[in-house]
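Could you walk me through this model in the viewer, one selection at a time? I would like to know what to click on next and what is there.

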Amino acid sequence: MRVFDMEIHSRLWLGSARYPSPAVLAAAVRAARCDVVTVSLRRENAVAGAGAPFHALIRELGVNLLPNTAGCHSVREAVTTAHMARELFGTPWIKLEVIGEGELLQPDVFGLVEAARLLCAEGFQVFPYTTTDLGVAERLLAAGCEVLMPWAGPIGSGRGLTDPFALRALRAHFPAATLVVDAGIGRPSHAAQAMELGFDAVLANTAVALAGNPETMAGAFAASTAAGRAGWEAGLMSARDFAEASTPVVGQAWLA
Amino acid sequence: MELFLNGEPRQTRAADLAALLTELGYAEQGVATAVNGRFVPRPERAAVCLAPRDRVEILAPMQGG
């Protein structure tokens with residue numbers, strides 16, 4: 001699929017946080033055949049110097065890096081972080097997060113739209129972490145975002161698709177937009193559900209990173225994401241309330 | 001002078017941001033910088049003079065979701 005000016009092959013995108021080690025992260029990314037990985041930037045400690053080895057490892061993976069503005073609670077913080085990320089990672093991509101509420105890490109959609117407008121005008125390619133609100137989505141697209149990243153549930157909660165109707169409505173209302181479900185995905189079946197709704201990709205982090213075996217879990221997510229997508233493309237049957245015999249009734253013997 | 005480096009008080013003799021990075025031993029390419037909440041692009045670091053109590057942020061690539 002096309003994401004801005006890039007051809008992306010993987011419909012499972014992975015976050016790079018919370019893995020037991022960098023080597024396990026690398027193994028998970030390879031197992032998933034994932035080509036979009038989210039990263040962040042944090043204060044560097046000159047003594048520990050963790051930034052350089054991590055950057056080297058992630059570059060070796062040969063994936064597209066999607067830096068985020070995680071932890072930013074204001075437009076100014078998010079825009080400044082985006083500038084720093086662009087210089088550090090050498091990409092115009094930015095996963096824009098403006099957090100409005102700490103308990104559920106809900107996006108501040110007012111700040112999000114404002115920050116998206118500022119960054120798009122400066123040439124950033126903005127991937128906003130947003131809610132399923134259609135009005136907000138409309139404004140983000142109008143600001144120049146070509147991709148939306150609606151949440152399925154609270155970040156790191158693993159609760160899955162807390163409001164499938166809202167996600168379905170979003171997909172139906174914006175058939176041409178690239179929509180990537182972000183946050184709340186806890187199991188491979190959640191990823192499949194999102195893809196069966198017609199979403200273009202799924203981003204998972206904690207569910208893979210904190211699995212008993214992250215590498216195996218990454219493979220499971222890749223398989224379920226692909227299965228869900230194939231199901232969507234094949235055309236899913238509609239559910240009905242009552243049974244409908246699948247074996248033909250015509251020709252049935254009278255044996256009673 | 002004393003300034004705040006990544007939130008911690010720090011003594012320095014560096015007059016500008018580029019000199020501070022050199023003093024601290026940071027690779028020029030490996031970090032992104034901000035002073036008092038404003039992003040300072042790499043080419044402009046030498047032109048940003050430091051003053052006492054400036055808030056300097058030095059960020060590096062990290063894991064993120």
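This is a predicted model: local features need pLDDT of at least 70, side-chain atom pairs count only at pLDDT 80 or more; totals for chains, interfaces and linings use all residues.

**Stop 1: the aromatic rings**

Start by selecting A:Phe4, A:Trp13, A:Trp93 and A:Phe127, which ring pairs link into a cluster. Over all chains, a search of the whole structure finds 3 aromatic pairs. Zoom in on A:Phe4 and A:Phe127: the ring centres are 5.3 Å apart and the planes stand at 50°, so this pair is tilted. Now colour by secondary structure. A:Phe4 belongs to the loop between β1 (2-3) and β2 (6-7) of chain A, while A:Phe127 is in strand β9 (residues 125-130), so the pair ties together parts that lie 123 residues apart in sequence. Both A:Phe4 and A:Phe127 are buried.

A:Trp93 lies in strand β6 (residues 93-96) of chain A and A:Phe127 in strand β9, so parts 34 residues apart in sequence are tied together. Like A:Phe127, A:Trp93 is buried.

**Stop 2: a charge over a ring**

Next, show A:Arg86 and A:Phe124. The charged end of A:Arg86 sits over the ring of A:Phe124, 3.9 Å from the ring centre.

**Stop 3: the nonpolar cores**

Which residues have the most contacts inside the largest nonpolar core? Select A:Leu96 and A:Val126; the core they belong to has 70 residues. Helix α3 (residues 75-89) of chain A gives the largest share of this core, 8 residues. Then look around A:Leu96: beyond its neighbours within four places in sequence, its contacts include A:Ala78, A:Leu112, A:Leu119, A:Val126 and A:Phe127. Move over to chain B for B:Leu24, B:Val31, B:Leu50 and B:Ile58, which are among the 16 residues of a second, separate core.

**Stop 4: where the chains meet**

Finally, show both chains together. The contact takes 27 residues from chain A and 27 residues from chain B. Between them the two chains bury about 2200 Å², with 60% of it on carbon and sulfur atoms. Select A:Arg43, A:Met84 and A:Glu87: these supply 32% of the area that chain A buries against chain B, more than any other three residues.

How many salt bridges does the rule find across the interface of chain A and chain B? There are 2.

Conventions:
Residues are numbered from 1 along each chain as its sequence is written. Chains are lettered from A and ligands numbered from 1 in the order in which they are written. Side-chain values use heavy atoms; hydrogens and water are left out. Rings of Phe, Tyr and Trp (its six-membered ring) pair if their centres lie within 6.5 Å; planes under 30 degrees apart count as stacked, over 60 as edge-to-face and the rest as tilted. Helices (H or I, at least four residues) and strands (E, at least two) are DSSP runs, numbered from the N terminus. Buried means under 20% relative accessible area, exposed over 50%, partly exposed in between (1.4 Å probe, protein chains only). A charge sits over a ring if NZ of Lys or CZ of Arg is within 6 Å of the ring centre and within 35 degrees of the ring normal. A nonpolar core is a set of buried Ala, Val, Leu, Ile, Met, Phe, Trp, Tyr and Cys residues joined through side-chain atoms within 4.5 Å. Contact means heavy atoms within 4.5 Å. Buried area is the accessible area (1.4 Å probe) that two parts lose on being put together, summed over both. A salt bridge is a side-chain nitrogen of Lys or Arg within 4 Å of a carboxyl oxygen of Asp or Glu.
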